[in-house]
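Open the model in your viewer and keep the sequence panel beside it. The stops below say what to select and what is there.

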Amino acid sequence: MGIEAGDDLFASSTAQRRDGGAGSDASLPPLAVRMRPRSLEEVRGQADVLRPGSPLRRLIEGSGGAAGPLSAIIWGPPGTGKTTLAHLVATAADRRFVELSAVTAGVKDVRAVMDQAARERDLYDRQTVLFLDEIHRFTKAQQDALLPGVETRQVVLVAATTENPSFSVIAPLLSRSMLITLGPLSEQEVAEVLDSAVTDERGLAGELTLAEEARAHLVRVAGGDARRALTSLEAAAGVALDDVAAGSQDEGPVPITLAHVEQAVAHAMVRYDKTGDQHYDVASALIKSMRGSDVDASLHYLARMLEAGEDPRFIARRIVIAASEDVGMADPTALQTSVAAMQAVAQIGMPEARLILAQAVVHNALAPKSNAAYLGINEAIADVRAGRGGQVPAHLRGSGYAGAARLGHGKGYQYPHDAQDAVARQQYLPDDLHGATDYYRPTGRGFEERLAARWAWLKTRLGRD
């Protein structure tokens, strides 16, 4: 009933604007709410988790039998249908639906829901679905309060989160629930959502039309987020309606053009959460793109982080680490560039810092790669942690104190600068590692190719060949 009333209000408002009136949209629900799917058939995307016989589909369809309804934790980016699926679960089998937001609810609210759910079950044989939005915001104690009700199936918990549940949901709750992962909608699916909103009576009801290039732009900026696409469409529709001259007698649908969309949506949405998965996923993609020598991909992920408001100092630190871990001695100047960039970013700040970061990213992406130093120190640390490496050879021990000579410390030490080529033939490693280690294995790439030849010559001079 509310949807039909909303459509009437929107249509009425459209007519009033054309006539130069000042109709009010205050009571009109957002387009994304009005277009929320009412059945499985209206859901776009998520074909894998909604396939026939899947646990989520059985939950939504209210399938009975020996396998009862299972609680579910739905994980996915914004605008992929988490709330919609929770509402569909609630409508199955005459279930009672209770919604809590982790932003405002506490342990007291959870316990109240559990008590009422028990009464509903005992008195009316009716099951309660508890939808908990943003469960990752719940503390451990708050999540613990859910366990008894989920354990005994007093409630069917449907929890939604945009963050990796492995890090944000307690293990006992995860083990008692299905984990359902949603993905962003494809461009085709977002386009279908837009087309439906333009023509559906709950949406724009054919009062406006959407130009092909405007539709393509909306799809592109949505980033797989259906809610974002509908919100942008509604904003563009408002711009298009404002463009209609007051008193216009044209009664045809109002066209939404690319110019209207660009005016309404200044920037594409960047899917990024500075404290969540996206923070780590995009940062990881930046590092791996530089490591993979794809400079275009590296700049893309750098741009995503910057446009999302990521701290440029964090980005700079990651680039410095990459310069050492992935470029190493194949191009030692990459580390110099990266350190200089980190210092410059701290002094300059945004927006100019983007130029400095871009230069460092390009240097690292195009540089020859070597992880020989990275592997070498890791193997050396592993030996130390395993207890390998005995006493320091006596001739290398400190001899600058009274009594050192009596202990034999420093005896036999050869000062390398006195030797030919400043390389003395003597043992440096502890006895148990001497002749048994090969930590640094230089590659034949970039500057390290020269180091490989020198290290081979040095090992001969040191007596380690």
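**First stop: Lys369**

Select Lys369 and follow its side chain to the backbone oxygen of Ala365, which it reaches at 2.9 Å. The Lys369 side chain also reaches the backbone oxygen of Ala367, at 2.7 Å. A polar contact here is a pair of N or O atoms within 3.5 Å; within protein, one must be able to donate a hydrogen and the other to accept it, and residues adjacent in sequence count only if both atoms are side-chain atoms.

This is a predicted model, in which local features need pLDDT of at least 70 and side-chain atom pairs count only at pLDDT 80 or more, while totals for chains, interfaces and linings use all residues. Residues are numbered from 1 along each chain as its sequence is written, and side-chain values use heavy atoms, with hydrogens and water left out.

Lys369 sits in the loop between helix H18 (353-366) and helix H19 (372-385). Helices (H or I, at least four residues) and strands (E, at least two) are DSSP runs, numbered from the N terminus.

Buried means under 20% relative accessible area, exposed over 50%, and partly exposed in between (1.4 Å probe, protein chains only). A salt bridge needs a side-chain nitrogen of Lys or Arg within 4 Å of a carboxyl oxygen of Asp or Glu.

Now show the surroundings of Lys369. Leaving aside neighbours within four places in sequence, Lys369 is in contact (heavy atoms within 4.5 Å) with residues including Met290, Arg291, Asp326, Asn364 and Arg445.

**Second stop: salt bridges**

The structure holds 20 salt bridges. Select Arg38 and Glu42, whose side chains meet in one of them (3.2 Å, N to O). Glu42 is partly exposed, with a relative accessible area of 25%.

Next, pick Asp122 and Arg121, which pair through their side chains (3.3 Å, N to O). Asp122 counts as exposed at 56% relative accessibility, while Arg121 is partly exposed at 35%. Then go to Arg313 and Asp311, another salt bridge (2.9 Å, N to O). Asp311 has a relative accessible area of 26% and is partly exposed.

Ser186 lies in the loop between strand E5 (177-181) and H10. At 32% relative accessibility, Ser186 is partly exposed. Select Gln46 as well: Ser186 and Gln46 are 140 residues apart along the chain, and their C-alpha atoms are separated by 9.8 Å.

Which helix gives the most to the lining of the largest pocket? Helix H4 does, with four residues. H4 spans 82-91, and among the other elements that each supply at least two lining residues are strand E4 (155-161) and helix H12 (226-243).

**Last stop: the whole chain**

Zoom out to see 21 helices and seven strands. Of the 465 residues in the chain, 41% are buried. Among contacts in the chain with a separation of 6 or more, 73% are between residues 24 or more positions apart.
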